[in-house]
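Open the structure in your viewer and keep the selection panel at hand. The stops below say what to select and what is there.

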Amino acid sequence: MFRIAVAPGDGIGKEVTAEGVKVLQAAADAENLTLQLDYMDLGSDRYLSTGELLTDDDIKFMRDCQAVYFGAIGDPRVAPGVLEKGILIKMRTTFDQYVNLRPSKAWHPYTPLKGEKNFDILFLRENTEDLYMGAGGVLKGIEAKANMSLKRGLYDVDLTLSSKASSEQEFAFEIGMMSRQGIERFADYCFETAKRLGKEKVTAVDKANVCTSLYGLWRKVFDERSAHHGIDVEYMYVDAMAMALVRAPERFGVVACPNMFGDILTDLGAEIMGGLGVAASGNINPEGVSMFEPVHGSAPDIAGQGKANPIAAILAGKLMMDQLGRPDIGRMIEFAVKMAMKQKLVTADMGGTLNTVQAGDAIANIVRSSG
Ligand code: ATP
């Protein structure tokens with residue numbers, strides 16, 4: 001039995017989560033697996049009526065579950081960043097979900113890439129360090145100084161910076177920081193994943209020719225962990241990687257990215273695969289509670305109209321089953337999605353005629369008939 005916290009959230013999050021749950025339940029039934037699905041009320045309605053985002057009780061509730069299945073948050077009535085920081089980022093940091101995982105594979109004929117390229121890439125993005133530490137500020141005035149004390153996750157850093165900028169000049173900074181411990185645990189996850197998937201190498205992305213300190217340590221640790229795991233590492237500069245992903249995505253298998261470059265490259269990965277409607281992701285703590293969600297947001301422009309494509313949420317359910325040690329159920333879900341696409345049982349964004357519920361029903365029916 002798996003106990004799963006389900007948080008549909010806002011807008012189309014509610015619609016696609018319902019379909020994701022439908023398909024998960026069909027696949028679990030086919031394998032006689034019991035799913036205990038416990039729903040959580042997170043998102044804009046609750047925030048607007050109570051002021052609550054992610055409370056200590058919510059965290060305790062999630063801690064008692066094996067995984068979190070998430071829809072989407074975002075609402076025009078709430079200022080940008082409030083829900084994201086107060087719910088999503090807080091969840092990631094509280095549960096130390098240090099790997100962001102996003103598959104990108106050729107979903108023919110929906111990939112915009114020309115030809116019959118068959119790629120199957122697993123992007124792994126370091127999810128806690130690099131330029132996302134919040135180590136930044138703006139210095140203004142003669143001999144301006146910034147004192148920063150960062151106590152976050154793996155860090156406990158004190159920094160003093162000064163600038164001789166005149167009062168008209170402003171000097172802004174945002175520091176990228178990575179720790180040996182942070183890179184090591186992430187690299188270990190990448191090499192272990194490559195081994196599990198039968199891949200011979202991990203492609204590690206960086207900009208070590210310019211940011212020599214930051215990505216110098218990154219390479220040093222990747223070299224060490226590569227030797228330890230007996231899996232090769234190949235390095236790619238992020239600019240070259242962006243080109244290669246369009247020109248020859250079939251060259252890559254497991255791709256390891258630092259936080260900032262991963263943010264950008266995984267969106268490129270979503271687009272070459274077939275777009276937001278099919279892009280799923282996981283925020284992983286291999287020893288703790290992980291969270292699975294579609295990459296898209298709450299899409300208020302199409303919410304409540306039955307137009308949302310449920311495939312990204314359904315594939316997020318597949319990633320969750322893989323992570324919980326049931327790749328057989330994950331494969332069943334992915335196969336059903338592939339069949340539905342082949343038979344054009346899809347929503348309008350993919351050229352089909354089905355609404356959200358019909359598209360979810362079609363995939364659940366394929367699971368039932370193939371299970
Ligand atoms: P944010 O990502 O900041 O929450 P958002 O919710 O406005 O922003 P996204 O959900 O990322 O935007 O998507 C952008 C647009 O893509 C949407 O406005 C919608 O038109 C379309 N879109 C997103 N997800 C889907 C989906 N599952 N099915 C169909 N169209 C979608």
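A polar contact is a pair of N or O atoms within 3.5 Å. Keep in mind that the model is predicted.

**Stop 1: the ligand**

Select the ligand, then Gly297. A backbone N or O atom of Gly297 lies 2.7 Å from an oxygen atom of the ligand. Because a polar contact is a pair of N or O atoms within 3.5 Å, this pair counts as one.

How much of the ligand does the protein bury? On its own the ligand exposes 600 Å², and the protein buries 62% of that.

**Stop 2: the shell around the ligand**

Now select the residues that surround the ligand, among them Ile12, Leu276, Ser298, Pro300, Asn309 and Asp349. By class, the shell has 6 nonpolar, 4 polar and 2 charged residues.

**Stop 3: the domains**

Colour three selections: domain 1 (1–96 + 289–371), domain 2 (111–132 + 176–273) and domain 3 (136–174). Domain 2 and domain 3 have C-alpha centres 30 Å apart. Their contact involves 10 residues of domain 2 and 7 residues of domain 3.

**Stop 4**

Select Leu131, Met177 and Gln181: they supply 57% of the area that domain 2 buries against domain 3, more than any other three residues.

How many salt bridges cross the interface of domain 2 and domain 3? The count is 0. Residue pairs in polar contact between the two domains, with both at pLDDT 80 or more, also number 0. The side of domain 2 that touches domain 3 consists of 4 nonpolar, 4 polar and 2 charged residues.

Notes. Residues numbered from 1 in each chain as written. Predicted model: local features only at pLDDT ≥ 70, side-chain atom pairs only at ≥ 80, totals over all residues. Heavy atoms only, no water. Domains from an automatic or database assignment. Contact = heavy atoms within 4.5 Å. Buried area = accessible area lost by both parts, 1.4 Å probe. Salt bridge = Lys/Arg side-chain N within 4 Å of Asp/Glu carboxyl O. Polar contact = N/O pair within 3.5 Å; in protein donor to acceptor, adjacent residues only side chain to side chain. Nonpolar A, V, L, I, M, F, W, Y, C, P; charged D, E, K, R; others polar. Near = heavy atom within 4 Å. Areas by Shrake-Rupley, 256 points an atom, 1.4 Å probe, with all protein chains shown as cover.
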